[in-house]
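Hello,

Here is the structure for you to look over. My notes follow below it.

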Amino acid sequence: MNHESSSPATGIIAPSTDFESRRSALRRSVAAATAAVAASTVLVAPPAAEAQGRPGRPGSRPGRPGSQPIGPRGRLPERYPGQNARILQEIRDNENDHVGFFTSALGSAARPRPTFRNVEQATPRDVVIVGRTFENNIGTRGALSVGPAINDPDVFKLAVALNQIEARHSAFLNAATNDPISLLDSSFEPLITPDEMIGILRPFIVSLNGGPPLEFSLIPSEENDIAIMNFFLAAEFLEAEFYNINVPKFFGRGGIAPPGPVR
Ligand SMILES: [Fe+2]
Ligand SMILES: [Fe+2]
């Protein structure tokens, strides 16, 4: 079967109708799959606390163990001595770097640090469960989901670079309780809407301290790029404070915040 034809005048090879129809079919399949992924994730990631002690969780594949109880006082097992502390300190440092980067990239448009609540956690397990709610839904699903709405190619590259690191944070925290490394055990990262992303931050915010609202659009524009970056800056401020308080408290004293009681 012929898949290509060439113009005698130019010698330029043009795809045949067969190829075009296959490409159209591919586009339709990708669009349908993307819509299906989006539609399947109207629910926000279930906190593992809901699944604690149960064999398996919604979305887990048959035969996989799911979230496990992890011992007295919410302590976390680890594969190598000091690994939990080392990786959580690394995550904490990444989040502080993200705050610094967004603040400097936004310049005078950068929001001030909001005032947060409900940040300090009671057990190491709570740190993992709350932390991965941010990591999975904002850094990983969120930075992926806003990609098509970004106007400036440099901001798009930033979103991809951020997304790659946040996905690693998510995978570690998901695996820390023996859950699948990807959210809902999915082979494709589920998308998330701006309202869902904002809804995850709201319970932690006391005041934006005069900064811009959290809302942003999915219609690309220069102004909207600023709004998207300021949303992520709010999230990074929260995540940095979350790890600055809880990592020294439970995972060693190499932190920035004054240490709390040690486990
Ligand atoms: Fe981050
Ligand atoms: Fe992160």
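**Helix packing**

In this predicted model, helices α2 and α6 run roughly antiparallel to each other, because the angle between them is over the 145 degrees that this label needs. The angle itself is about 150°. The two axes lie 8 Å apart. Helix α2 covers residues 83-106, and helix α6 covers residues 222-251. The crossing of α2 past α6 is left-handed. Their contact is made of 16 nonpolar, 7 polar and 4 charged residues.

**The core**

Helix α6 comes up again here. The largest nonpolar core holds 41 residues. Of these, 16 come from α6, the largest share. Two or more residues each come from α2, α3, α4, α5 and α6. The residues with the most contacts inside the core are I228, F231, F232, L233, A234, A235 and L238.

Leaving out residues up to four places away in sequence, L233 touches V99, F102, T103, L106, A110 and R111. As general background, nonpolar side chains tend to be buried together in soluble globular proteins.

**The chain as a whole**

How many helices and strands does the chain have? There are 6 helices and 4 strands. From the N terminus, the order is β-β-α-α-β-α-α-α-β-α. The chain has 263 residues, and 33% of them are buried. Residues 24 or more positions apart account for 70% of them.

**Two backbone points to check**

Most residues other than glycine have a negative phi. Two residues here have a positive one.

- N118 is not a glycine, yet its phi is about 60°. N118 sits in the loop between β3 (115-116) and α3 (124-145). N118 counts as exposed, because it has 11 C-beta neighbours inside 10 Å and the limit is 12 or fewer.
- D185 also has a positive phi, near 60°, and is a residue other than glycine. The loop between α4 (153-175) and α5 (194-201) holds D185. With 17 other C-beta atoms within 10 Å, D185 is partly exposed.

Best wishes

How values were computed. Residues are numbered from 1 along each chain as its sequence is written. Chains are lettered from A and ligands numbered from 1 in the order in which they are written. This is a predicted model: local features need pLDDT of at least 70, side-chain atom pairs count only at pLDDT 80 or more; totals for chains, interfaces and linings use all residues. Axes are lines fitted to C-alpha atoms, for helices over the stretch in contact, and angles run from 0 to 180 degrees between N-to-C directions. Angles under 35 degrees count as roughly parallel, over 145 as roughly antiparallel, 65 to 115 as roughly perpendicular and the rest as oblique. A crossing is left-handed if the near helix is turned anticlockwise from the far one by less than a right angle, and right-handed if clockwise. Ala, Val, Leu, Ile, Met, Phe, Trp, Tyr, Cys and Pro count as nonpolar, Asp, Glu, Lys and Arg as charged, and the others, Gly among them, as polar. A residue is buried if 20 or more other C-beta atoms lie within 10 Å of its own, exposed if 12 or fewer, and partly exposed in between; C-beta atoms are placed from the backbone. A nonpolar core is a set of buried Ala, Val, Leu, Ile, Met, Phe, Trp, Tyr and Cys residues joined through C-beta atoms within 7 Å. Two residues are in contact if their C-beta atoms, placed from the backbone, lie within 7 Å.
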